[in-house]
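Trainee: I have a model open and I'd like to learn how to read it. Could you take me through some features?

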Amino acid sequence: MRFQILGPVRVWQGTTDVKLGPPKQRALLALLLAHAGQPVPLHGVVDALWQEDPPATAVNVIHRHVAALRRLLEPGLLSGTASRRLVRDSGGYRIDVAPHELDLLRFRALRQDARRSARQGDRAKAVELLVEALDLWRGPAGSGIPPEVRALPVFTAVDDEHVAAVKEAAGYVPTAGAVLTEHVLVTLRQAAAHHPLDEGLQARLIEVLAAAGRQGEALETYRVVRARLADELGLDPGPELREAQLTALNQPRQPPAQVPAAPAAAPAPASGAPSPTQLPRDLGAFTGRSSELGLLDALVPEPGDPAQAVVISGMAGVGKTTLAVHWANRLADRFPDGQLYVDLRGFHLTGPAMSGPEAMRALLDAFGTAVSRIPADLRAQTALYRSLLAGRRVLVVLDNARDSEQVRPLLPAPPGCLAIVTSRHQLQGLVAVEGAHSVTLSPLDEDEALALLTRRLGSARVTREAAAAAEIVALCGRLPLALAIVSARAALNPGCPLAAIADELRTSHGSLDAFAGEPPLADARCVFSWSYQALTPQAAELFRLLALHPGPHCSVAAAASLAATSTREVRSRLAELVRAHLLFEYEPGRFASHSLLRAYAAELAVETETANDVAAATTRVLDHYLHSAHAAEAVLAPHRERITLRRPAAHTLPERFSDQRAAADWFERERPVLLAAAAQHSRHGHDAFTWQLASVLEMYLDRNGRWQQQRTVQSTAITAAQREGDLRGQAHAHRALGFALSRLGQWEGAAEHLERALRLFRELGDMPGRARVHRYRAFVANQHGRHAEALEHYRLAADLYRAAGHLNGEASVHNEVGWTYLLLGEYAKAVEECGRSLAIHRETGDRNGEAAAWDSLGVAHRHLGHHDHALASLRRALGMYRRLRDSYLAADTLVHIADTHLAADRADSAAATLRQALDILEDIGHPDAEGVRARLLGTG
């Protein structure tokens, strides 16, 4: 039996991967393995698995999990027989494993052997042993268990062993050979990327780069680290870094060490870095392309080989994406560090091609890159992307590329990586400049096309009408997309003779305008129209109306709003479109279509629907998104002042949300559609919708750190509201844009827009609107240390809320005044103001406001040295935020709890709590994660 804890928790019985059961059971096993050979007291297990408020049945639950693990680890264990693996010891449990069975024990043994070899003077052997030890790592210790358990010191201590081993290997490198030096350098780069403020680790990287003859890169690394320390911590480099710089400066210039051709095994992914698996599902009915696959297989790089790029080009509908996805799925297990997929929309007929920064953001997001780490410049983004890939073996599929320049920044550079690019163009620039290999697809040959038809319709039907089947193949021009649509129609109508299908194809004519200039091998409009005409009238109507949908994917409720019908009815229509291959369901309940089919549907909508019908359907789908977003915002912050919407159009079906988690999930899922809707419909005259949607999105985008997107959508909203002549819309958009600019540190622009908003709200007589502007201006003043000015703005805001009878707004101001007193060091006044806020929020039932007040009170008590009172208040706030499903504010409160632990000299508890906060912030992609990560390094 083999056990793994250096990465995901796994157990193998021979070659069988043992299923370890529910999360707490898996966490219990991880805890025992981390203490392998040592007992863990029962109370320690309870504290680890529940941490806060364990249930009365906790001990019984642990006993059940222990019994289940014993059955898994010793399948032949008889009832009543003592376990040899998982034993009772010292009032708790102990797991017994041999050193060769558990990767952690093997890692520690190899590290000890390395130290022994180093003491004996054999540093090359020490490096070799450490390389073997580091190859055992597959990610953070205990990956996959609940984050609050993985944040325990026992697991972070194991992670620290990894960093320490990397430093040891780097220290022995000057006497190692070229292969070992390169292997250590790969692992060292990965560790340095994930611990950017660890000066010792960065110093080792600089020294090894210099030793490997990469003096320029070593000095550039020093420059980057020095700038990061100054920007993020306000510190100068310490002695270790300065010494490393001198080493690099004094290193004799020499060519980089040459690595022998025989490559080492692919290194494991960097500790903590995700290994994304984004490939679309392979087509079950894939047929043919055997010669192309043979050619492509010969181009796959081995570990250590230079990175490769392969361009699969050809006409629309020839099967480029299908082949690329099929081939990529075949290769997936050879690229263990990640398989990425991006649709570049190069020939998307209803929208622009994906921009370089947008595509790069998709790739960086796949590796969990924090928003705050992503620079604005595409060149800097590309450098960050390639740094993240260093030492990783990754497959990247770049689908539907417009031209070579769109693709070039996205190509992976590290050895062993592969990029698969599809395009209707040959992308000669990639071939000439980047050395990409080109594979041009022609239509299927006759045998392959007939095999495709047979695969979809069955051999009996095709054999029975062989002549008609051959004619269908010819009339479709052996084009895979055309054959797929025709065969779907035939499969849905099993009683229809293939001869009738062939006759219908023969007599149809016309061409898609989008194919002008390209020599069509089949009449795509004929094929599309023929499939469309086989639909029921209801499904055909939905197909046309889906062309009016604003975003890349459509939910059931949005489709129902378009079609003015019920969700039950629209599901059957969607299912019919999916069966006919006019739509695909890329995840349960979410639908999209090929861009050519969408263009065809748009043509049909213009030809078939009246202008009034198009306007009514567009209004319904926009109202669906606007009122759904409004409802989601109301659930996330029920007492926040918000705009009033007119009633939605008849037959609109807005979403409804049971709790804050459902509302937040909906916002995140629909964000691309919402932003696309705001941008598109501003251009098409729906100006009121644009500014109202921007206003509803303001809180969500701000809370989740989407400040660049906030700037874009609110700028669009200002233009829309100005065209509409809507002063209220302008006021809301100026206010939101001003706050977004302050988040981005663009203070002059922030002040200008907030001042405009204040004038507009004053002109409108909107006292709550003016009050929130004053709160935003107070935030800006506090950011600049102008606390007296902030208090004046809060006084004005409170007066306005009081005059408007807005108790919750007044209570929030009390809390923010309390926070300002915290900044001033007047902690008793802070307690007084936050106490007032708490009392009002309790009276009005504002749970969000009450949680915020408890949080501020906790921070105030901590500054007063009342650590027990502080923790009690902060834990009440944390419990409320968790019940409200407010992830960001829960993380913020966890940071305040960690501060209190530090003030009480409980560094281990502080570190564990910070890790919980970091896990949350990284999960939602919030920019604050970077600051918490830096704090965490300071507590280690």
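Trainee: With which side chain does the side chain of Glu 641 make a polar contact of 2.7 Å?

Mentor: Before that, some ground rules: this is a predicted model, where local features need pLDDT of at least 70 and side-chain atom pairs count only at pLDDT 80 or more, while totals for chains, interfaces and linings use all residues. Residues are numbered from 1 along each chain as its sequence is written, and side-chain values use heavy atoms, with hydrogens and water left out.

Mentor: A polar contact is a pair of N or O atoms within 3.5 Å; within protein, one must be able to donate a hydrogen and the other to accept it, and residues adjacent in sequence count only if both atoms are side-chain atoms. Here the partner of Glu 641 is the side chain of Arg 772, at 2.7 Å. The side chain of Tyr 801 also makes a polar contact with that of Glu 641, at 3.1 Å.

Trainee: Where is Glu 641 found, and is Glu 641 buried or exposed?

Mentor: Look in the loop between α28 (611-636) and α29 (660-683); helices are DSSP runs (H or I, at least four residues), numbered from the N terminus. Buried means under 20% relative accessible area, exposed over 50%, and partly exposed in between (1.4 Å probe, protein chains only). At 17%, Glu 641 is buried.

Trainee: Which residues does Glu 292 contact, leaving aside neighbours within four places in sequence?

Mentor: Contact means heavy atoms within 4.5 Å. Glu 292, in helix α12 (residues 290-297), is in contact with Leu 323, Val 439 and Leu 441. Its relative accessibility is 15%, so Glu 292 counts as buried.

Trainee: How far apart should the ends of helix α36 be?

Mentor: The expected span of a helix is 1.5 Å times one less than its number of residues. For the 18 residues of α36 (residues 807-824) that gives 26 Å, and the end C-alpha atoms are 26 Å apart, which agrees. Since 13 of those 18 residues are buried, α36 is largely enclosed by the rest of the structure. Just after α36, Gly 825 takes a positive phi of about 80°.

Trainee: What pLDDT does the protein chain average?

Mentor: pLDDT is the predictor's confidence in each residue, from 0 to 100. The chain averages 84, and 90% of the residues score at least 70. Over residues 509-523 the pLDDT is below 50.

Key. Helix = DSSP H or I, 4+ residues; strand = E, 2+ residues; numbered from the N terminus.
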